[in-house]
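Dear colleague,

I am handing over the structure below, together with some notes on what I found in it. Please read the notes with the coordinates open, and let me know where you would look further.

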Amino acid sequence: MRRMSAAAARRTALAAQGFGRRKPAVTNRRSILDALGRTQLLQLDSVSAVVRAHYAPVFARIGAYDRDLLDETAWSHSARRPRRLVEYWAHEAALLPVEDWPLMRWRMAKYRDGRWQAAKRVLEHSPTLGKDILEVIRASGPLPAGAVERHLELDKPRSKDHWGWNLSDTKIICEQLFATGELSVDKRVGFARHYDLTERVIPPEVLAREVADADAYRELVRRAATALGIATEPDLRDYYRMQRVQTEPAIAELVALGELEPVEVTGWDKPAYLHTAAKTPRTIEGAALLCPFDPLIFFRPRTERIFDFHYRIEIYTPEHKRVHGYYVFPFLLDGALVGRVDLRAERASGRLLVPGAFAEPGRATPETAAALRGALREMADWLELDEIVIGAKGDLAPLL
């Protein structure tokens with residue numbers, strides 16, 4: 001079996017994700033789709049402390065770009081510029097290429113009896129609610145759950161718990177219909193989903209495509225392997241949140257087809273699989289701020305194995321127990337994760353706040369600080385924030 005050094009594996013993983021390449025002089029829709037060709041998906045998340053999660057990975061790979069272009073790619077459609085991305089449950093809620101939608105039919109079938117216990121309870125006491133919602137949307141066009149609720153005259157006052165998870169029955173069943181593939185997301189307004197009939201969102205030729213479950217599993221593992229470059233079975237499994245019983249046979253088939261090569265990576269505690277088209281550059285250069293949901297790092301065990309970088313998101317940790325901060329971006333520099341910064345975009349005042357900046361061991365240097373300063377300035381300019389305010393926390397803060 002072929003052996004690889006940990007450093008070579010790391011460079012392979014970074015190159016597969018689109019790092020170490022020259023950023024385009026002009027960014028456009030093609031640049032965005034090229035970044036998507038590397039990551040295969042973009043995770044969605046509601047936190048907007050800096051910028052919504054799906055925008056940040058594209059910025060990390062191609063630099064400043066017009067976020068409206070990504071919105072148009074995902075949530076606009078015309079004969080001249082057809083929709084290229086669609087929402088579904090992939091690695092959590094995610095944007096993925098429209099043509100990948102049929103690969104998720106097995107998951108839609110799995111959710112048929114209710115994705116959550118809450119959906120099962122609502123379906124038990126309101127068995128016709130799903131049919132009623134579909135009829136409203138069929139007649140009225142794309143609607144957010146609140147508007148559907150008003151059409152159904154179900155908008156009664158409800159108590160709200162601390163986390164805001166007390167969803168109405170209508171919202172729960174809209175999400176259930178989304179999970180089963182009967183509804184899709186036509187657009188987002190203020191990040192709220194506007195649901196429409198899937199037949200009006202997904203092109204007919206894509207909608208008509210049937211994929212056998214085993215073929216879908218193999219294709220998803222193929223896409224994960226393309227995005228990761230080199231990966232263990234748990235890495236490949238996590239990318240689309242699959243199960244081991246699905247991924248192991250798919251990996252064996254791809255090995256037999258010559259698309260994956262089993263390799264042994266020095267220091268890795270599990271067997272690895274190298275995509276045979278993956279490149280291993282001699283060096284990786286450049287700097288990037290990675291949001292917590294960037295595909296390079298969203299599987300934390302892989303992040304720790306490849307980069308020797310322990311990372312946990314602390315949004316739900318009480319403030320007095322946080323180690324690094326509320327919304328922390330790891331800092332990638334020349335192929336290594338050398339630090340992390342807690343960031344906040346204060347749009348009203350035009351400021352990018354940096355409450356804390358922390359270096360990895362041996363990386364609290366003027367060189368690290370200079371590179372980070374440049375990356376922060378690039379992000380502030382992209383977000384149209386004039387001032388960067390450095391806080392006092394962390395060993396990089398004084399150097400910044």
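Just after helix 3, Gly-63 adopts a positive phi of about 85°, a value that, like everything else in this message, comes from a predicted model. Helix 3 itself, which spans residues 55–62, is mostly covered, with eight of its eight residues buried; these are Tyr-55, Ala-56, Pro-57, Val-58, Phe-59, Ala-60, Arg-61 and Ile-62, so that the list includes the charged residue Arg-61 by name. The cover over the buried residues of helix 3 comes from several parts of the chain, including helix 2 (29–39), helix 4 (67–75) and helix 15 (366–382), and strand 2 (42–43) and strand 10 (287–289) also contribute to it.

Between strand 2 and strand 4, the latter covering residues 92–97, the antiparallel pairing runs over two bridges, and Gln-43 has Ala-94 of strand 4 as its bridge partner.

As to confidence, the mean pLDDT of the protein is 94, and 96% of its residues reach 70 or more. Over residues 161–166, however, the pLDDT is below 50, and this stretch has five contacts in the model beyond near neighbours in sequence.

With best regards

Note on methods. Residues are numbered from 1 along each chain as its sequence is written. This is a predicted model: local features need pLDDT of at least 70, side-chain atom pairs count only at pLDDT 80 or more; totals for chains, interfaces and linings use all residues. Side-chain values use heavy atoms; hydrogens and water are left out. pLDDT is the predictor's confidence in each residue, from 0 to 100. Contact means heavy atoms within 4.5 Å. Buried means under 20% relative accessible area, exposed over 50%, partly exposed in between (1.4 Å probe, protein chains only). Helices (H or I, at least four residues) and strands (E, at least two) are DSSP runs, numbered from the N terminus. Two strands pair if DSSP finds at least two bridges between them.
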